[in-house]
Amino acid sequence: MALTLSYSALLPDAATRAHIRGLLRTNAPVPDVLPFNLYALSHELARYDSEIARLEAQMDHLKKRRAAVHEFRAECISLLSPVRRLPAEILVKIFALCMSGFDRPFHDHFNEPSNFDVEMARLARAPLLRLSSVCAMWHALALGTPTLWNVIQVDSFVWERQSDTKPSQDWGTILLTRAIERSGSSPLSVMIVGDLKGMENPFKLLVAQSARWKVFTLWTMQDVIPMFANALEGTFPLLEDARINTYSYEFKDVQTIHPGFSRAPSLRNVELVPHVLPKIALPPLEQLRTFRCLWVQPDDFGDCVSFMARCPPSLVFRLHVNSNSWTTADMVKGNIRSIPRTSSDITSLSIEIEDVGVKRVVRRQATPHIFSKLVLPRLNELRVELVSDDHRRASHEPCVPWPHLEFQELSSRSSFNQSLRILDLSHVSISEAHLIECLAGLSSLEQLSVSDYKFIMDEDGVAQMLISDNLFRALTLSSCDGDDSPSGLVPRLCTLKCETRMVFRDESFLAFLLSRAHVGPFSCDLYVEYWQITRTLQPSTIATIDELRSRQNLVFRVITPPR
């Protein structure tokens with residue numbers, strides 16, 4: 001656009017400006033023409049201001065038109081966006097992933113205190129509400145897909161807070177009602193946490209939907225369970241997972257309760273605190289796949305042992321031990337020595353030691369007594385694990401001391417040399433000598449997991465690495481003269497998983513791999529933490545391993561977890 005305003009003739013030349021500036025430095029008389037010039041200059045400034053205002057108005061108009069064109073162009077580009085071509089089914093899966101990190105895991109309720117705003121947001125399924133505001137299609141999908149609303153977590157803290165603040169409406173129950181309505185007829189995953197007193201209305205809403213329960217979790221005070229026992233009695237045709245954890249151990253003498261799980265034909269996985277076992281009706285145990293006893297204490301252990309005696313071979317049994325309560329005084333109080341030795345036909349046992357910051361001597365107490373009270377003639381799989389919030393591997397990380405004598409006795413009376421196939425000691429502190437002695441009696445073992453990160457100290461205070469040249473030499477098979485059958489420790493071993501600090505030599509490790517790969521397909525995983533990488537395998541060793549892999553005699557991986 002051309003400038004319509006002509007240049008002013010009043011603009012001074014260099015000589016005139018110099019003359020004026022010279023006068024400013026003196027007291028010389030002012031020229032007679034100056035008043036006229038001031039009037040003309042003011043008029044000229046007004047003329048420039050008027051033109052600038054006109055041009056700015058035009059600029060604003062052009063900017064608005066440009067913004068409209070830009071917005072229209074962006075809308076046209078959005079029409080070509082790949083996300084618009086995603087099928088509704090894919091969008092629903094993406095929405096579900098957005099919710100997966102928002103729902104609170106079961107055991108987080110024990111570790112983290114409840115927050116009113118967060119729990120209300122969970123009831124409202126807040127991420128879905130935000131997604132629903134993007135466009136009409138997303139709104140319809142987010143609010144109209146029942147499977148996005150079928151996870152319902154109810155925390156009593158919401159209603160406790162409401163009873164204190166006394167809001168005009170029961171927003172917790174309103175949000176819960178909407179979630180149930182939007183879940184349609186899809187199977188529900190229901191979690192109820194906290195003190196059920198004062199939660200009669202939300203509890204009744206959820207019990208009315210019990211025919212749709214697929215997962216049911218109850219984490220509450222034991223003394224209130226009888227209040228709702230009748231409400232829980234019913235048929236649960238879809239129920240697959242049930243967890244009941246009563247975190248108060250002060251109310252042992254409650255009346256017998258029957259939540260009705262005997263009428264749950266689809267129930268496969270159960271988690272219970274042991275003192276509830278005598279008070280709960282379960283379906284036929286042959287129907288179950290896994291059973292987990294939670295927070296086992298010395299005075300609960302008798303109930304666990306009695307229950308294990310009834311378990312069928314197909315059941316995976318997980319024993320979660322509250323190590324903080326296995327002190328000598330607790331075991332005397334629980335009269336654990338009087339528990340008779342019991343035989344069980346279970347084929348899989350996991351002993352999970354809960355690490356709650358207790359001393360090593362306390363963690364040492366539980367496992368020996370568990371081993372001493374059992375006979376497991378059909379056991380195929382044994383895992384000893386440390387359950388901890390901190391999953392990092394560190395030299396100072398707590399571990400489970402190995403009860404060597406008790407295990408050897410259990411192995412002997414249970415004939416582990418014929419039955420045990422899988423042994424996971426990756427969370428166990430065990431010496432090389434004890435491990436080799438254990439393996440000498442496990443000729444049927446096929447899979448072994450061990451770790452250097454649970455080292456022990458020798459008499460001089462030096463850390464003794466478990467995964468060393470001596471261990472690999474002991475595990476290396478050798479053929480007898482004139483006979484192709486191998487000899488050595490655990491001849492059937494076909495899988496080895498090591499969390500290692502790589503203190504062994506390549507020669508001994510390679511000899512071990514060659515001997516195992518010669519017998520048949522062998523799998524070996526080395527887990528190496530990034531902060532413990534002091535060396536890598538030599539190129540010649542890697543070349544030999546690659547050759548074995550190409551022949552499909554070996555599956556080999558070096559796994560370094562992300563930082």
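Start by selecting Ser415, which sits in the loop between α15 (404–414) and α16 (416–419). Keep in mind as you go that this is a predicted model. Check the backbone here: phi of Ser415 is near 55 degrees, a positive value in a residue that isn't a glycine. Is Ser415 buried, exposed or partly exposed? With 30% relative accessibility, Ser415 counts as partly exposed, because anything between 20% and 50% goes into that class.

Next, jump to Met502. You'll find Met502 in the loop between β20 (495–499) and α19 (506–519). Met502 also has a positive phi, about 60 degrees, although it is not a glycine.

How do α19 and α20 lie relative to each other? They pack at an angle of about 10 degrees, and their axes are 11 Å apart. Angles under 35 degrees count as roughly parallel, so that is the label for α19 and α20. Now show the side chains between them. On the α19 side, the contact is made by Asp506, Phe509, Leu510, Leu513, Leu514 and Ala517. On the α20 side, pick out Thr541, Thr544, Ile545 and Leu548. Colour this contact by residue type and you get seven nonpolar residues, two polar and one charged.

Now head back along the chain to helix α10 (residues 200–207). Which residues of α10 are buried? Select Pro202, Phe203, Leu206 and Val207. Then turn the view until you are looking down the axis of α10: its buried residues fall within an arc of 135 degrees, so they line one face of the helix.

The last stop is Arg125. Its place is in the loop between α5 (116–124) and α6 (126–131). Despite being in a loop, Arg125 counts as buried, at 3% relative accessibility. What does Arg125 touch, leaving out residues up to four places away in sequence? Show Met99, Asp103, Leu148, Trp149 and Val151 to see these neighbours. Zoom in on Leu148 in particular: its backbone oxygen lies 3.3 Å from a polar atom of the Arg125 side chain.

How values were computed. Residues numbered from 1 in each chain as written. Predicted model: local features only at pLDDT ≥ 70, side-chain atom pairs only at ≥ 80, totals over all residues. Heavy atoms only, no water. Helix = DSSP H or I, 4+ residues; strand = E, 2+ residues; numbered from the N terminus. Buried < 20%, exposed > 50% of the residue type's maximum accessible area, 1.4 Å probe, protein only. Arc of directions from axis to C-beta. Axes fitted to C-alpha atoms, helices over the stretch in contact; angles between N-to-C directions. Parallel < 35°, antiparallel > 145°, perpendicular 65-115°, else oblique. Contact = heavy atoms within 4.5 Å. Nonpolar A, V, L, I, M, F, W, Y, C, P; charged D, E, K, R; others polar. Polar contact = N/O pair within 3.5 Å; in protein donor to acceptor, adjacent residues only side chain to side chain.
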